Amino acid sequence: MATPDPLPTPSTQAGRDGLAALLARPARAVVALDFDGTLADIVPDPERSRAHPGAVPALSALAPRVASVAVITGRPADVAVRFGGFAGAPGLDHLVVLGHYGAERWDAATDTVHAPAPSSGVEGVRAELPSVLEQADADGAWVEDKGHAVAVHTRRAADPQAAFESLRGPLAALAERHGLIVEPGRLVLELRPPGMDKGVALAQYVKEVGAEAVLYAGDDLGDLAAYAAVDALRAQGVPGLLVCSGTEVPELADRADLLVSGPEAVVGLLDALARHLDAP
Ligand SMILES: O=P(O)(O)OC[C@H]1O[C@H](O[C@H]2O[C@H](CO)[C@@H](O)[C@H](O)[C@H]2O)[C@H](O)[C@@H](O)[C@@H]1O
């Protein structure tokens, strides 16, 4: 049997305080995690993304020991639930998945999704996008239609970074014409309605739960807003631990209290937390 990972030591005092608060009063702590790149390895085709095989067992072990576990993702909530294998998982009967950066919510307790009304801006972008892509120098870019948002991916282009850069301007202009914002990510530019981000979603959720400590783990630029929310909570006296999965996105990695090498290591951390809370 594999030896469980030991509990790591965060590199910052704020992170050590956050972890100590979580361990001291787990029943008052929220553990919130991003999906792609954090609970699931990055793969070339987003449709083939699945949670790391250890993710559900680790979350199932941890969830009953803390106030709440939530997944906060740019994915539609139902997609994250499906790709995560979260529905009906033992121990995850109170899991919450906040999809579309918090605009949607799935509750395991009721197995229902609450979603916003469709956005006319997304409809407009959808109609104009083919001609914008045709005019841009971005061979191999392709569109993931997420219903309440559209994402343009360049991971499978011949030169993914060059395609990404050449699309930035045209997609920003397209989004602006239709009242949307551009959410940049790992070789993806997502056009989505404004007014919600992972920081707003996390802050609201922590308040709803009445949590007194929070752990947030992410891997991408969209997670910066959640990091900022944890910083704001700390300023209000709620300790927090910022975990970064991988070093692909230095803007996030540089702000983390705890850097882990990717989804496998995130699972190791969740396992270690669950085991520690069993037998401190
Ligand atoms: O908030 P997240 O859970 O991290 O979701 C953000 C975006 O993730 C997806 O794209 C990323 O993962 C893909 C699958 O591994 C990968 O191919 C792509 O390059 C990554 O950017 C997803 O497809 C997007 O819709 C999400 O917005």
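Guide: The C-alpha centres of domain 1 and domain 2 lie 27 Å apart. This is a predicted model, in which local features need pLDDT of at least 70 and side-chain atom pairs count only at pLDDT 80 or more, while totals for chains, interfaces and linings use all residues. Residues are numbered from 1 along each chain as its sequence is written. Domain 1 covers 13-115 + 196-278 and domain 2 covers 120-192; these bounds come from an automatic or database domain assignment.

Where the domains meet, 14 residues of domain 1 are in contact with 13 residues of domain 2 (contact: C-beta atoms, placed from the backbone, within 7 Å).

Helices (H or I, at least four residues) and strands (E, at least two) are DSSP runs, numbered from the N terminus. An open sheet is formed by four strands in the order E6-E7-E9-E8, with antiparallel pairing (strands pair if DSSP finds at least two bridges between them). Strands E6 (142-145) and E8 (181-185) each have a single partner strand, so one side of each edge strand is left without a neighbour in the sheet. From one strand to the next, the twist averages 25°. E8 runs antiparallel to strand E9 (residues 188-192), and five bridges join the two. Isoleucine 181 stands opposite arginine 192 in E9.

Axes are lines fitted to C-alpha atoms, for helices over the stretch in contact, and angles run from 0 to 180 degrees between N-to-C directions.

H4 (residues 120-135) and H5 (residues 160-177) also pack against each other at an angle of about 155°, with their axes 11 Å apart. The two helices are therefore roughly antiparallel (under 35 degrees counts as roughly parallel, over 145 as roughly antiparallel, 65 to 115 as roughly perpendicular and the rest as oblique). Val125, Glu128, Leu129 and Val132 of H4 make the contact with Pro170, Leu174 and Ala175 of H5. By class, this contact of H4 with H5 has six nonpolar, no polar and one charged residues.

Terms used: Two residues are in contact if their C-beta atoms, placed from the backbone, lie within 7 Å. Ala, Val, Leu, Ile, Met, Phe, Trp, Tyr, Cys and Pro count as nonpolar, Asp, Glu, Lys and Arg as charged, and the others, Gly among them, as polar.
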